[in-house]
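Q: I'm new to reading protein models and would like a close look at a single part. Could you walk me through one residue and its surroundings, step by step?

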Amino acid sequence: MKFCCDYFLLFIVLTVKRFLMGSEATKTEQEPYKVEFSEQELRERLTPQQYRVTQEKGTERAFTGELVNNKKAGVYRCVVCGKELFLSDTKFDSGSGWPSFWDTPTDGTVRKITDTSHFMTRTEVTCADCGAHLGHVFDDGPRPTGQRYCINSASLKFDPSKGKHD
């Protein structure tokens, strides 16, 4: 009986750990990212908020990000590596408090990773080149994709040099 209880407790501990760790196991099973930066370089280059969001999977408070109300034409790039992630043409006001987009410019721009942290299942979005945490994608967006990429402003750098949206 004790043998059975030990395995049951081990199962409970591993299950809770899986939920608390979220997508870490999934991330290591994927192919490596193209661009890597040292922790020291990122801490020197990024603000504390940008580092917390992109490297520690943090989330900025709703309606506080500098890009949530941005309506200018341009490109949204990864704050870590500069990769083009979203175009202003696909940005929309979701009312969520975070910049929201209904599509990426091309396939392979972002990686989608199952995230089971916080006792729920969501789809995490990371930069396909450097692995920076961007936010999450949900299936409640507008047509034509039905997707809502809910992205932290702290993970983005706005480049007004390119884009069609006014």
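A: Let's take D103 and ask: is this residue buried, partly exposed or exposed? In this predicted model, D103 has a relative accessibility of 27%. Buried would mean under 20% and exposed would mean over 50%, so D103 counts as partly exposed.

Where does D103 sit along the chain? Look in the loop between β4 and β5. Now see what it touches. Setting aside neighbours within four places in sequence, D103 is in contact with F86, T90, T145 and Y149. Take T145 from that list: T145 and D103 are 42 residues apart along the chain, yet 6.9 Å separates their C-alpha atoms.

Besides its contact with D103, Y149 in β8 is the bridge partner of F101. That bridge links to the pairing of strand β4, residues 100–101, with strand β8, residues 148–151. The two strands run in the antiparallel sense, and two bridges join them.

Finally, step back to the whole sheet. It is open and has six strands, in the order β3-β4-β8-β7-β6-β5, with antiparallel pairing. Its edge strands are β3 (91–92) and β5 (110–115), each of which pairs on one side only.

Key
Residues are numbered from 1 along each chain as its sequence is written. This is a predicted model: local features need pLDDT of at least 70, side-chain atom pairs count only at pLDDT 80 or more; totals for chains, interfaces and linings use all residues. Side-chain values use heavy atoms; hydrogens and water are left out. Two strands pair if DSSP finds at least two bridges between them. Helices (H or I, at least four residues) and strands (E, at least two) are DSSP runs, numbered from the N terminus. Buried means under 20% relative accessible area, exposed over 50%, partly exposed in between (1.4 Å probe, protein chains only). Contact means heavy atoms within 4.5 Å.
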